Amino acid sequence: MNFDFSDDLKLLKDEARKFLDDKSSPEVVRRVLEGPDGYDKALWNEMAAMGWTGASIPEELGGAGMGALGLCVLAEEIGRSLAPVPFASTMYFAAEALMAGGSDAQKKAWLPKIAKGEFIGTFALAEGPGKATPKRVRTTFRNGVLNGEKLPVPDGTAANLAVVVAQTDRGIGLVLADLSHAGVKREHVETLDESRKQARLTFANVPGELLGAAGDGERLLALIEQRAAILMAFEQVGGAQRCLEMARDYALERYAFGRPIGSFQAIKHKLADVYVATELARSNAYYGAWALSKNAPQLALAAATARVSANEAFWLAAKENIQVHGGMGFTWAFDCHLYYRRAKVLAVANGSTRLWKERLVSELESANAPG
Amino acid sequence: MDFEDTKEEAEYRASARAFLTTNAKPRTGKGMLYRAAHATEDVLAEARDWQKKKHAAGFAGITWPKEWGGQGLSAINQVIYDQEEAQFSVPRGIYEIGLGMCIPTVCTWGTQAQRDRYAVTALKGEEVWCQLFSEPAGGSDLAALRTSAVRDGDDWVINGQKIWTSGAHYCQYGVIVTRSDFDAPKHKGLTYFFLDMRSPGVEIRGIKQISGASHFNEVFFNNVRIPDSQRLGKVGDGWKVSLTTLMNERFTIGGRAGVDVDEFLELARGIELEDGPALKNPTVRDKIADWYVASRGLKYSHFRTMTALSRGDTPGPESSIGKLVTGPKLQNMSAMALDVLEQGGVITDPEVAPMAALFHQTLMTSPSARIAGGSDEIMRNIIAERVLGLPADVRVDKDVPFNKVPTGKAK
């Protein structure tokens with residue numbers, strides 16, 4: 001049994017933690033949250049210089065070749081520090097989509113630029129409130145051009161490249177689009193978590209290229225959502241763990257009725273529950289990492305399990321962190337709300353708990369079919 | 001990252017599987033493990049025979065040191081053996097407390113002569129041991145126990161009552177913690193012994209549980225004499241000795257199987273609700289997903305623990321969450337199972353109730369999963385204090401002579 005990350009990756013994790021403690025402090029997160037910038041450029045450039053933006057990209061395409069497991073390790077630390085950078089959009093979605101569905105030419109054209117940190121990528125699926133199911137997507141890709149509106153698109157103000165989900169002549173397709181084209185209009189849209197800004201993107205006859213074979217869009221979309229769900233679960237576990245530590249530290253320092261509030265069972269039991277949820281989520285994410293690294297047939301079920309577990313753990317940890325901090329946790333000055341915002345944004349960023357629970361049980365049904 | 005055994009582990013697994021294949025029947029169905037809830041003479045004889053075979057083949061006392069008569073192997077060997085054994089229908093539950101908790105305490109605190117006398121006979125299944133700890137006044141607050149031990153010549157005279165003693169009626173020996181000094185603060189006045197359960201003055205009465213079974217007993221002590229040579233640890237050090245016993249409890253209690261998602265899927269597939277099979281109902285599906293996530297999270301946490309054991313490391317605190325997750329899950333799942341049966345959910349007749357009333361049994365046994373071996377509340381305290389480093393509860397009885405500590409009316 002070797003259900004753990006390698007010593008090399010643990011070392012990478014330690015280095016990432018030290019780096020982000022310094023360079024992605026709450027002050028840095030707040031600067032983006034409260035300012036006009038879509039992300040912290042200095043932080044992003046340093047991450048690229050360290051090879052993080054090429055972590056999962058093969059060496060022959062300019063990446064660091066650490067595979068999916070390397071990306072998992074970094075994701076946890078990025079989640080812990082709330083790093084205000086377009087890492088998830090670029091790495092979990094755009095790069096994964098290119099690696100899963102791109103032709104050799106497409107990979108060569110885009111992945112080296114992503115690895116170097118020159119290009120920011122994103123994934124454009126939603127078209128306003130409600131679920132953009134393959135049937136309901138109205139954006140079209142016909143005769144080689146994209147038309148329609150995507151809202152919200154994470155990091156949409158910053159991205160150079162988007163993978164756009166659009167209707168084609170053969171069902172939905174995943175379409176690569178260069179966002180520097182004149183037919184692309186971007187508009188910042190206000191969201192719950194301005195530390196990673198989102199946008200409304202409109203496409204008017206924007207040229208694009210299909211990823212994968214015609215008619216293969218639905219399968220690719222499901223695959224990318226599954227892979228991203230696992231990577232994002234590591235961010236969520238990192239965030240949940242940090243919330244637990246913040247709440248624990250505050251409960252030790254804050255006195256009421258003549259004793260630390262952390263000595264009251266009402267607080268102790270609450271934090272024990274957060275610990276349990278976080279450990280379950282971590283273990284489920286680990287299994288996801290294994291499935292990801294091996295392209296295992298269990299990927300769909302592993303992704304749904306990791307996603308549901310992580311959504312619930314981060315949300316529980318973030319809301320109870322505010323609760324333990326009491327009135328102070330409700331102030332702008334304390335950092336609790338940064339995690340509360342991020343927890344909810346991540347919980348809907350790639351399909352809600354409700355949606356993934358349904359996917360999970362559907363997988364169980366087919367895996368457990370009688371006879 | 002992989003789930004493969006090392007070469008040595010694979011060899012050990014193969015030897016365990018070979019032994020089990022030759023000597024036991026594979027477990028059929030996904031239901032409950034064979035557990036000796038009703039310890040009839042037949043069940044006891046079968047358990048004795050199985051333990052003897054395990055010992056002869058070198059699969060008893062796997063982690064015990066060789067000087068106790070064990071195999072001197074590591075915890076990972078025990079885990080591997082348990083995983084393999086779980087796939088077979090073999091008697092469980094008779095020897096776990098003795099071999100898991102009592103004998104390690106005797107061996108740690110007793111003399112070499114006592115180790116020689118008791119360890120191997122227990123390992124061979126010839127003698128069964130029970131643990132006499134809890135009392136009507138001392139459950140979660142174990143150190144509040146009141147059974148008295150008074151020195152009289154070379155003996156101690158024991159008076160009082162123990163409760164929740166599993167298997168007392170078929171055990172030859174027991175370990176017992178008593179109060180030898182009522183003037184000392186509660187943790188400081190305790191003394192630990194082992195005794196022959198057939199000693200005059202020991203009276204055992206079964207307790208009928210809410211499930212109807214009688215797995216536990218009350219044990220009364222009326223002027224029971226225990227020789228001082230059977231004292232473990234110093235007079236007044238009983239709490240310290242008890243911790244040796246309790247330290248081993250987690251390993252003994254953990255990993256108990258019960259109904260899980262597979263069984264619920266089987267039920268939900270076969271039951272028709274107003275809008276089709278229960279398995280297609282959104283409320284039911286929502287719950288199934290919750291249980292699956294909890295169940296898998298535990299399974300993979302167990303893999304993390306195994307990884308640490310396999311490397312010879314001490315497992316991290318993730319190994320402490322199992323009981324707190326499993327107990328409530330068993331209870332909630334069985335409650336939901338009865339809900340989907342609607343009015344027919346009341347029927348416990350195994351001829352009529354689906355899956356031979358498996359979920360009905362679980363409904364009535366699951367409360368104990370949230371109490372025995374550390375209640376949910378105690379487990380949360382343990383996680384909060386030992387894992388998260390939060391302060392211990394304020395104790396109003398600390399440093400107070402035990403006979404001045406207030407007691408309430410409730411038992």
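**View 1. The interface between chain B and chain A.** In this predicted model, 52 residues of chain B are in contact with 48 residues of chain A. Contact means heavy atoms within 4.5 Å. The two chains bury about 4,500 Å² between them, 62% of it on carbon and sulfur atoms. Buried area is the accessible area (1.4 Å probe) that two parts lose on being put together, summed over both. Nine salt bridges are counted between chain B and chain A.

**View 2. A salt bridge between Arg311(B) and Asp4(A).** Their side chains meet at 3.1 Å, N to O. A salt bridge needs a side-chain nitrogen of Lys or Arg within 4 Å of a carboxyl oxygen of Asp or Glu.

**View 3. A negative surface patch on chain B.** Glu274(B), Asp275(B), Asp339(B) and Glu342(B) form the patch. Patch residues have over 30% relative accessible area (Shrake-Rupley method, 1.4 Å probe) and no salt bridge, with like charges joined within 9 Å. Asp and Glu count as negative. Asp339(B) sits in helix H10 (residues 322–340) of chain B. Helices (H or I, at least four residues) and strands (E, at least two) are DSSP runs, numbered from the N terminus.

**View 4. A cis peptide bond in chain A.** The bond joins Leu151(A) and Pro152(A), with omega about -10°. Pro152(A) is found in strand S3 (residues 145–154). Most peptide bonds are trans.

**View 5. A positive phi at Phe257(A).** Phi is near 55° in this residue, which is not glycine. Phe257(A) lies in the loop between strand S8 (255–256) and strand S9 (259–260) of chain A.

Residues are numbered from 1 along each chain as its sequence is written, and chains are lettered from A in the order in which they are written. Local features need pLDDT of at least 70, side-chain atom pairs count only at pLDDT 80 or more, and totals for chains, interfaces and linings use all residues, while side-chain values use heavy atoms, without hydrogens and water.

Definitions and conventions. Patch = residues over 30% accessible without salt bridge, like charges linked within 9 Å, V, L, I, M, F, W, Y side chains within 5 Å. Charge placed at Lys NZ, Arg CZ, Asp CG, Glu CD.
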